[in-house]
Amino acid sequence: MSVVVAIKPSARKRNAKVGRLVFEDGPRHAFESRAAAERWADDLSAGDGHVWVASAHPRDDGDADCYLVSRATNAKLEAAYDKRRRRLRGDTGSEQESLGGEP
């Protein structure tokens, strides 16, 4: 049984090895099993952005059985969003205070 893994843009953006692989060999790769595909993803993640194999949705009409994905995020932007969300909720406990007393 062959398992076809398609590489999603999030994995290419997060992991330089994956980007190079897509450039050199294309965005689809076949493996003998899901376990082999997961080992491949683990090897790609070593020393670079974390990627993993996710099953394709049952209603997905594409030829891929699985996708190589990642969470392509910018931690600084996420932190800013969380800070804004706390402010909008009215959470004042997250405001900075000086070390010896008065805020």
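Here are legends for a few close-up views of this predicted model.

**View 1. The whole chain, element by element.** Start at the N terminus and the elements read β-α-α-β-α-β-β-α, which gives four helices and four strands. Of the 103 residues, 27% count as buried. Looking at contacts between residues at least 6 apart in sequence, 55% join residues at least 24 apart.

**View 2. Where α2 meets α3.** Helix α2 (residues 16–25) packs against helix α3 (residues 34–45) at an angle of about 120 degrees, and their axes sit 8 Å apart. Roughly perpendicular stops at 115 degrees and roughly antiparallel begins over 145, so this pair is oblique. On the α2 side, the contact is made by Lys-17, Val-18 and Leu-21; on the α3 side, by Trp-40, Asp-43 and Leu-44. Sorted by type, that's four nonpolar residues, two charged and no polar ones.

**View 3. The buried residues of α3.** Which residues of α3 are buried? They are Ala-36, Ala-37, Trp-40, Ala-41, Leu-44 and Ser-45. Their cover includes α2 along with the strands β1 (3–7), β2 (28–31), β3 (52–55) and β4 (66–69). As for spacing, an α-helix has 3.6 residues a turn, so residues three or four places apart point the same way.

**View 4. α3 from end to end, and what comes after.** With twelve residues at 1.5 Å a residue, α3 should span 16 Å; its end C-alpha atoms are 17 Å apart, so the two agree. After α3 comes Gly-47, with a positive phi near 80 degrees.

Technical notes
Residues are numbered from 1 along each chain as its sequence is written. This is a predicted model: local features need pLDDT of at least 70, side-chain atom pairs count only at pLDDT 80 or more; totals for chains, interfaces and linings use all residues. Side-chain values use heavy atoms; hydrogens and water are left out. Axes are lines fitted to C-alpha atoms, for helices over the stretch in contact, and angles run from 0 to 180 degrees between N-to-C directions. Helices (H or I, at least four residues) and strands (E, at least two) are DSSP runs, numbered from the N terminus. Angles under 35 degrees count as roughly parallel, over 145 as roughly antiparallel, 65 to 115 as roughly perpendicular and the rest as oblique. Contact means heavy atoms within 4.5 Å. Ala, Val, Leu, Ile, Met, Phe, Trp, Tyr, Cys and Pro count as nonpolar, Asp, Glu, Lys and Arg as charged, and the others, Gly among them, as polar. The expected span of a helix is 1.5 Å times one less than its number of residues. Buried means under 20% relative accessible area, exposed over 50%, partly exposed in between (1.4 Å probe, protein chains only).
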